[in-house]
Amino acid sequence: DPDEYQAIFSPYKAEFKRRDGDISTHTQMSLSPGHNIEIRKVKLTNHSNENKRLEITSYLEVVADSHMAELSHPAFNKLFIESEFINEHNIFLSKRRSGKTGEKLYLMHTVKTDRKLLKKVEYENDRMKFIGRNNSPQNPIAVTAGIPLSNQAGFCNDPIMSIRVTINIPAGQTASVSFITGVCESRAEAIKISEELDNDFRIDDVFEKFKLQSEIELKYLEI
């Protein structure tokens with residue numbers, strides 16, 4: 001259990017603050033008014049007197065279909081997902097192989113940080129490799145045992161999207177890591193979104209724009 005924990009909800013953002021030993025985290029979750037994406041920005045502060053090397057790992061299970069379709073045939077549904085990782089942009093892409101005319105949506109997942117990476121971004125698309133036998137998403141073997149991610153994409157009968165970054169935080173300093181997840185219509189659009197959000201200032205700008213949009217909507221609805 002964390003030493004401290006706090007959850008804060010507002011119309012435009014959700015925040016989670018916690019402290020575990022010498023490390024405190026402040027996670028902010030919001031949406032973009034210009035793209036179909038969600039941003040989860042994590043600020044990590046090192047309160048100790050020595051450098052800390054940290055691995056930050058994301059995890060999400062891929063559906064890429066309607067909620068009812070997933071509930072009806074979850075195992076069968078997963079057989080039609082294919083993925084790729086664009087190394088030069090650190091973008092994880094997944095899409096559904098489907099015979100439906102005009103259906104070309106991609107699920108994108110990428111990461112941005114204001115720190116120099118200690119090694120290349122790692123990624124995983126196989127749920128069993130990530131979680132391990134007899135484990136759960138609460139205690140995945142890839143995290144509890146510090147196992148490197150496989151850096152494999154393509155086809156998998158139980159697909160996930162997981163990205164890991166390794167950074168160093170000097171004593172008394174704060175680092176920022178942002179995970180961006182969303183839906184786009186093409187590979188090119190995913191790259192464009194990634195390039196638009198290539199630094200902390202632009203990510204903070206998205207938070208502010210969505211806050212402004214939310215306030216305008218509430219004023220219009222007289223709430």
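These notebook entries record what I looked up in a predicted model.

**Conventions.** I number residues from 1 along each chain as its sequence is written, and I use heavy atoms for side-chain values, with hydrogens and water left out. Since the model is a prediction, I keep to its thresholds: local features need pLDDT of at least 70, side-chain atom pairs count only at pLDDT 80 or more, and totals for chains, interfaces and linings use all residues.

**Entry 1, the sheet.** I looked up the strand order and found an open sheet of 8 strands, E1-E2-E3-E4-E12-E9-E8-E7, with antiparallel pairing. Strands here are DSSP runs (E, at least two residues), as are helices (H or I, at least four), numbered from the N terminus, and two strands pair if DSSP finds at least two bridges between them. At the edges I noted strand E1 (4–10) and strand E7 (81–86), each of which pairs on one side only. Neighbouring strands of this sheet are turned by 15° against each other on average, direction ignored; axes are lines fitted to C-alpha atoms, for helices over the stretch in contact, and angles run from 0 to 180 degrees between N-to-C directions.

**Entry 2, E3, E4 and the helix.** I then followed strand E3 (residues 23–31), which runs antiparallel to strand E4 (residues 37–46) and is joined to it by 9 bridges; Ser 30 stands opposite Ile 39 in E4. Helix H6 (residues 200–220) packs on the sheet, touching strand E2 (13–20), E3, E4, strand E9 (106–113) and strand E12 (174–184), and its direction makes about 120° with that of E4. Contact means heavy atoms within 4.5 Å.

I located Ile 223 in the segment after H6, and Ile 223 is exposed, with a relative accessible area of 72% (exposed is over 50%, buried under 20%, partly exposed in between, with a 1.4 Å probe and protein chains only).

**Entry 4, E10 and E11.** I checked strand E10 (residues 122–126), where 5 of its 5 residues are buried. E10 pairs with strand E11 (residues 159–169) in the antiparallel sense over 4 bridges, and Asp 126 stands opposite Pro 159 in E11.

I ended with Thr 166, which lies in strand E11 and counts as buried at 2% relative accessibility. Leaving aside neighbours within four places in sequence, Thr 166 is in contact with Arg 53, Leu 54, Glu 55, Lys 116, Leu 117, Leu 118 and Lys 119. I also looked up Ser 32, 134 residues from Thr 166 along the chain, and the C-alpha atoms of the two are separated by 26 Å.
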